[in-house]
Amino acid sequence: MALPTPSDYRLSPALGARLMGLLLVALAILLFVLTAAVAVFHLPPDLLVVLAVLGVVGVFGGGWLLTRRTYVVRLDADGYRVRFVRGAGVTAASWTDVEDAVTASPRGIPCVVLHLKDGRATTIPVEALAADREDFVRDLQAHLQRGQGLTPL
């Protein structure tokens, strides 16, 4: 039986934009505090330029990491791993530990819930992924079936 190829699901553009907004606000606050420190303590104004340049590089680097390099969900032959999802529950488990997979909508947010044999669960909000909901569920089902040794009919 062929092993499925690992699947990485990245952060959705909407959540990436929210995180980038937080990064920009943090940079603005840092620049404001440094500007006040330069004015009050008569520090060299070049510090502001250096921080601004480093901040812009950091914003572009953070954007690149969020959109190109960072995955939220990874499905592979051994199991799954979930990152950057607050309240996900169990963040990693093998496919043999999964009892069932269901869809749910807690608080109106469409999610896939993986119930483990020991009673714990993993909740994956599909809107957090930069992927089609149905494609993600099909891919998850295929990995789960192969990981548990089931073959499609």
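Is Arg 120 buried, partly exposed or exposed? With a relative accessibility of 46%, Arg 120 counts as partly exposed, because that class runs between 20% and 50%. Please keep in mind that the structure before us is a predicted model.

Let me turn to the charged pairs. Three salt bridges are found in a search of the whole structure. In one of them, the side chain of Arg 120 meets that of Asp 118, at 2.8 Å from N to O.

Another joins the side chains of Asp 8 and Arg 74, with an N to O distance of 2.6 Å. This pair links distant parts of the chain, since Asp 8 belongs to strand 1 and Arg 74 to strand 2, 66 residues apart. Asp 8 is partly exposed at 31%, and Arg 74 is partly exposed at 29%.

There is also a salt bridge between Asp 135 and Arg 138, whose closest N and O atoms are 2.6 Å apart. These two residues are three apart in helix 3, so about one helical turn separates them. Asp 135 is partly exposed, at 41%, as is Arg 138, at 48%.

Three strands form an open sheet in the order 5-6-7, with antiparallel pairing. Strand 5 and strand 7 are the edge strands, each pairing on one side only. From one strand to the next, the twist averages 15°. Strand 6 and strand 7 are joined over five bridges, and His 115 has Ala 121 in strand 7 as its bridge partner. Helix 3, residues 133–147, lies across strands 5, 6 and 7, at about 15° to strand 6.

Definitions and conventions. Residues numbered from 1 in each chain as written. Predicted model: local features only at pLDDT ≥ 70, side-chain atom pairs only at ≥ 80, totals over all residues. Heavy atoms only, no water. Pairing = 2+ DSSP bridges. Helix = DSSP H or I, 4+ residues; strand = E, 2+ residues; numbered from the N terminus. Axes fitted to C-alpha atoms, helices over the stretch in contact; angles between N-to-C directions. Contact = heavy atoms within 4.5 Å. Salt bridge = Lys/Arg side-chain N within 4 Å of Asp/Glu carboxyl O. Buried < 20%, exposed > 50% of the residue type's maximum accessible area, 1.4 Å probe, protein only.
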